[in-house]
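Subject: Handover of the two-chain model

Hello,

Here is the structure I promised to pass on. Please open it first, then read the notes below it.

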Amino acid sequence: MHLKHFIHSAFTAATSGGRKYHLWMGGLTAIIFIGIYAYSVQLQDGLAVTGMNDHVSWGLYISNFTFLVGLAAAAVMIVMPSYVLKDIDFSKAVLIGEGVAVSALIMCLCFVVVDLGGPHRAWHLIPMIGYFNFPDSLLAWDVLVLNGYLALNLAIPFYILYSHYCGRTPDKRHYLPFVYLSVFWAVAIHMVTAFLLAGLPARPFWNSSLLGPRFLASAFAAGPAFMILTLGFIRNHTEYHIQDETFSKLAMIATAAAQINLLMLGSELFKEFYFPTHHSLSAQYLFFGLHGHNALVPWIWTAIFLNVTATIILTLNPLRRKTHLLFPACLLLFIAIWMEKGIGLVIPGFIPSPLGEIVEYIPSWIELCVTFGIWAMGLFIFTILIRIALPIELGKSRSPLIAKKEGQPQPVAQA
Amino acid sequence: MKIDSDKNKSDRAAHRLKKKAEIKLAEPASRRGFLKKLTAGVAAAGVAATQSGCSTTGMDKFFQDHYKEMTAEEKEKVFARISEDTKKKYNVDINLKDPPPVPGARFAFAISLSVCNGNRACVHACVEENNQSRDPAVQYIKVIELDRGTFNLEEGDAYYEGEVPKKDKFYLPMQCNQCDNPPCTKVCPVEATWKEDDGIVVIDYDWCIGCRYCMAACPYDARRFNFKEPELQRSEINTNQSYLSNRVRPQGVVEKCHFCLHRTRLGAMPACMEACPTGARKFGNIADPNSDVAQIVQNKRVFVLKEELGTIPNIYYYFD
């Protein structure tokens, strides 16, 4: 019986709000529709409408996919301390972290589907029903771990929110085992996605044992950075109180991860350029250009400049403590890692081709519109999830059945 | 001394051939009993729908099973549908076959780089034989022009123009190496591409989801993707087709050289070899010690491309 009311309250929470809220959601919807239109063109005319070709056979879609897997994995940075280590500081942030994970995962799945040449055959990927090349294909692994992680990140917050909604305290025995599982799972989704690229000897640029660890480091920098921005927004615009301690701890995580990420970047640069071989050509193309082709050179140096600037601000304690510097630094870090780990990682893997041909890649308008559409959809889903979660966590939204039972409004319950 | 080095050489060649003979092809994926039933259920539903007068072609196409899972009956139906679709689209009657691998055969190429002069007759013959899209132009064979004195493929030029052969250049034709340890089939998430018993790596164009992971995995740049619906004129269609090789491909799937299996499995030579005016190409069953290819591998100083990757290619190159 509670469930009916829960769904009703959730729907009301998601659809009612101030003018700014409706403008925001309306704007996102408009972008989503542009994306859907662009995708319909791509469905009709084939992937020829994208900037991809036989040489650069993955582009903007897979670039966003690899980045977003990291964002989803980074939710664990919040989940682990608050559920497992009983760190009180993070408990308020944890549901939001899981919201980020869910939205990022749905975006990941969308980016994979729009990249398929035959999306109507995507059912071939369903284990037991299709023809699943497991355990050989890392893409088959990715299908399993991404969907599993999505299920975990939907189930855990739903259980907790629903318990609160019904006026019950969530039973730790019911959800803690899944929390432990999701911690390992988060690392797994990221390592599997890195292995997907690192397992290809045909592409020396990716075929590195550092790729997996570097994926993790950059994810644990970008994830908390995004969380800081989101929590900052929520604290300023809602009654949901988030302690300063939460921000400083998240900032510490982002800082350490960003430092490790830069260290690994240095290690990679050394290996590629101390004694360059033919396996260094992709890196040469990316950082300095190759035979007059240098489309990604400004891109990657911008990313590195942003990355270093953000890391310096975060590293210097007095600077990090100032909110007006912390937020821009987090934004810079997030953008830098998106640039570096998306396009900066995927595209140069294909340039030059295994036969040494250099064909550059520029995304087409269709590709850009589809990409914006998926990002808008991700933000749309994230906003809805937060809209549903906050009133419950604030104790404002409770099942009417409890009130009836007790004959008075339910007092504010604590999470 | 001479005898010694000859012996050494033949030992090493023998070793290569032995290695070939020893390679056991991976067992096909286990059959899934209950799934067969499920498919049968779907098929039964399809039959029921047909009887009730609905058009089920679209549904049949959508639910079409993996090539290896189809029964002979199902295959027949699918082949009939493909022939019908081609007739509708191009108004030509095709002869769609499905020749099985030749028992005991292992197909291989041996290409003499001393003889190849870069005329690209193979490239064009391949396009005509295999119903490749003319616009955008899809080609399986790439001929690389290299400077004498280097063997660095990355310094080569696949887009050379003008009269050939040019002075101080040599030419290296490349196509799918039908590797014995193929990275492309390993990464395919749905096993839409696999290695057959005669060594040919094939693709089920109706099962490929178009993720292009195989293209990223191929170290020889052998795979092509149909970014658009292939464009062919009616007159350009080769009606001698087979399911796993040269039938007209749909949009959004990967394709590549298949050693003209619709010819070679029936005893003919691949189109590229037939077209080559220089005789640089030799094709045959390397498991047969008397075949041209086995003789060349035994007696010439052959090499394969990117041997260090462990892909074990089936195209041997040599200089006479």
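Two strands are taken as paired when DSSP finds at least two bridges between them. Keep that in mind for the sheet described below. Please also remember that this is a predicted model.

**Chain B in outline**

Chain B contains ten helices and twelve strands. It has 320 residues, and 42% of them count as buried. Take the contacts in chain B between residues at least 6 apart in sequence: 65% of these join residues at least 24 apart.

**The sheet in chain B**

Four strands of chain B make an open sheet, ordered E10-E2-E12-E11. The pairing is mixed. Which strands stand at the edges? They are E10 (281–285) and E11 (302–303) of chain B. Each has a single partner strand, so one side of each lacks a neighbour in the sheet.

Look at E10(B) and its partner. Strand E2 (residues 107–112) of chain B is joined to E10(B) by five bridges, and the two run antiparallel. B:Phe109 is opposite B:Phe283 of E10(B). B:Ile111 has B:Arg281 of E10(B) as its bridge partner. As background, strands of a sheet pair through backbone hydrogen bonds, either parallel or antiparallel.

**Helix H5 of chain B**

Helix H5 of chain B covers residues 121–129. Its buried residues are B:Cys122, B:Cys126, B:Val127 and B:Glu129. Viewed down the helix axis, these fall within an arc of 170 degrees, so they line one face of H5(B). What covers them? The cover includes strand E4 (169–174) and helix H9 (271–275) of chain B. Just past the end of H5(B), B:Asn131 has a positive phi of about 55 degrees.

**Backbone points to check in chain B**

There are cis peptide bonds to look at:

- B:Asp135 to B:Pro136 is cis, with omega near 0 degrees. B:Pro136 sits in the loop between H5 and E3 of chain B.
- B:Val164 to B:Pro165 is cis too, with omega about -5 degrees. B:Pro165 belongs to the loop between E3 and E4 of chain B.

Positive phi values also turn up in residues other than glycine:

- B:Gln178 has phi near 45 degrees. It lies in the loop between E4 and H6 of chain B. Why does B:Gln178 count as buried? The cut-off is 20 or more other C-beta atoms within 10 Å, and B:Gln178 has 26 such neighbours.
- B:Arg212 has phi near 65 degrees. It lies in the loop between strand E6 (201–203) and H7 of chain B. B:Arg212 is buried as well, with 23 other C-beta atoms within 10 Å.

**Where the chains meet**

Now turn to the contact between the chains. Here 41 residues of chain B are in contact with 38 residues of chain A. Four elements of chain B each supply at least two residues to its side: strand E3 (142–147), helix H6 (183–187), helix H7 (213–217) and strand E7 (224–225). H7(B) gives the most, with four residues. By class, this side of chain B has 26 nonpolar, five polar and ten charged residues.

Start with helix H9 of chain A, residues 244–273.

A:Ala254 deserves a click. The largest nonpolar core has 200 residues. Which of them touch the most other members? They are A:Ala72, A:Cys108, A:Ala254 and A:Leu333. Helix H5 (residues 91–115) of chain A gives the most to this core, with 16 residues.

What does A:Ala254 contact, leaving aside neighbours within four places in sequence? Its partners are A:Ala221, A:Pro224, A:Ala225, A:Ile228, A:Leu314, A:Cys330 and A:Leu333.

Best wishes

Methods: Residues numbered from 1 in each chain as written. Chains lettered and ligands numbered in written order. Predicted model: local features only at pLDDT ≥ 70, side-chain atom pairs only at ≥ 80, totals over all residues. Contact = placed C-beta atoms within 7 Å. Nonpolar A, V, L, I, M, F, W, Y, C, P; charged D, E, K, R; others polar. Expected span 1.5 Å × (residues − 1). Core = buried A, V, L, I, M, F, W, Y, C linked by C-beta atoms within 7 Å. Buried ≥ 20, exposed ≤ 12 C-beta atoms within 10 Å, placed from the backbone. Arc of directions from axis to C-beta.
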